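Hi everyone, thanks for coming.

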Amino acid sequence: MLGKCAGKIFAQGIALAEVVPYFSRALRGVVPPVTPRNGGLDPSEVWQEEMKKLAASQDNDPGPRLLKVNQYLEKNFPDFFAEARFHVGDDDYFLYSRFGQYLARSIENRRAPRSKIYRGFTVLNKMAAVSRRDPQVLRMLVSGPLEHLLDAPKARALAMKRLSPVAQGYLESLCE
């Protein structure tokens, strides 16, 4: 890797500190980890740090982003949450799709108290707030719960009153 000149340098007894291998040059904006032995960069540590950054930037799982929404849903709708998790497992897309069905049926059939229905809209508003930063959550919100609310006339009318402006915009875009 050091080439023909390196053999001559080592043969003449010149110190290794003058020869700097390519992998030890610092990148702009990156603080290099230093090994205690020779003061140069440890390529395995640089590689691990770069891989961590790459993995964090390519995180496609909306689960951590929906953690607070899931906690709110579990706290306010424990029976629904337990049954839905039993049937769909850890898939948030199907969980929220079922929640949209549940909320629309509850509004149409007047099965739930109004306070519980309003908490259901709070779940959707929280989800809409998260969806502004995450396109996967947006797809999940639009193709799941909002689509089910759109199909039920009473639920759609109440949703237009109770949803946040962001969620109302998503619902109106489905109407078109």
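Predicted model: local features only at pLDDT ≥ 70, side-chain atom pairs only at ≥ 80, totals over all residues.

Let's begin with helix H5, which covers residues 92–109, and helix H7, residues 135–151. At what angle do H5 and H7 pack? The angle is about 15°, and their axes are 7 Å apart. That makes the two helices, H5 and H7, roughly parallel. Their crossing is right-handed. If you'd like to find the contact on the screen, look on the H5 side for residues including Tyr-93, Ser-97, Gly-100 and Ala-104. On the H7 side, the residues they meet include Met-140, Gly-144, Pro-145 and His-148. By class, this contact of H5 with H7 has seven nonpolar, six polar and one charged residues.

Now stay with H5 and turn to helix H6. H5 and H6 pack at an angle of about 145°, with 10 Å between their axes. The crossing of H5 and H6 is left-handed. From H5, the residues in this contact include Phe-99, Tyr-102 and Ile-107, and from H6 they include Ile-117, Phe-121, Leu-124 and Met-127. How do the residues of the contact of H5 with H6 divide? There are 10 nonpolar, two polar and one charged.

Next comes helix H8, residues 153–162. Its buried residues are Ala-155, Leu-158 and Ala-159. Looking down the axis of H8, you'd see these buried residues fall within an arc of 110°, so they line one face of the helix. Here's a handy general point: an α-helix has 3.6 residues a turn, so residues three or four places apart point the same way. What covers the buried residues of H8? The cover includes H5, H6, H7 and helix H9, which is residues 165–175. Over on the face of H8 turned away from the buried side, you'll find the exposed residues Pro-153 and Lys-161.

Last stop: Ser-131, which sits in helix H6. Is Ser-131 buried or exposed? Its relative accessibility is 4%, so Ser-131 counts as buried. Setting aside neighbours within four places in sequence, Ser-131 is in contact with Val-137, Leu-138, Leu-141 and Tyr-170. And here's a pair to look for on the screen: Ser-131 and Leu-66 are 65 residues apart in sequence, and their C-alpha atoms are 9.4 Å apart in space.

Methods: Residues numbered from 1 in each chain as written. Heavy atoms only, no water. Axes fitted to C-alpha atoms, helices over the stretch in contact; angles between N-to-C directions. Helix = DSSP H or I, 4+ residues; strand = E, 2+ residues; numbered from the N terminus. Parallel < 35°, antiparallel > 145°, perpendicular 65-115°, else oblique. Left-handed = near helix turned anticlockwise from the far one by under 90°. Contact = heavy atoms within 4.5 Å. Nonpolar A, V, L, I, M, F, W, Y, C, P; charged D, E, K, R; others polar. Buried < 20%, exposed > 50% of the residue type's maximum accessible area, 1.4 Å probe, protein only. Arc of directions from axis to C-beta.
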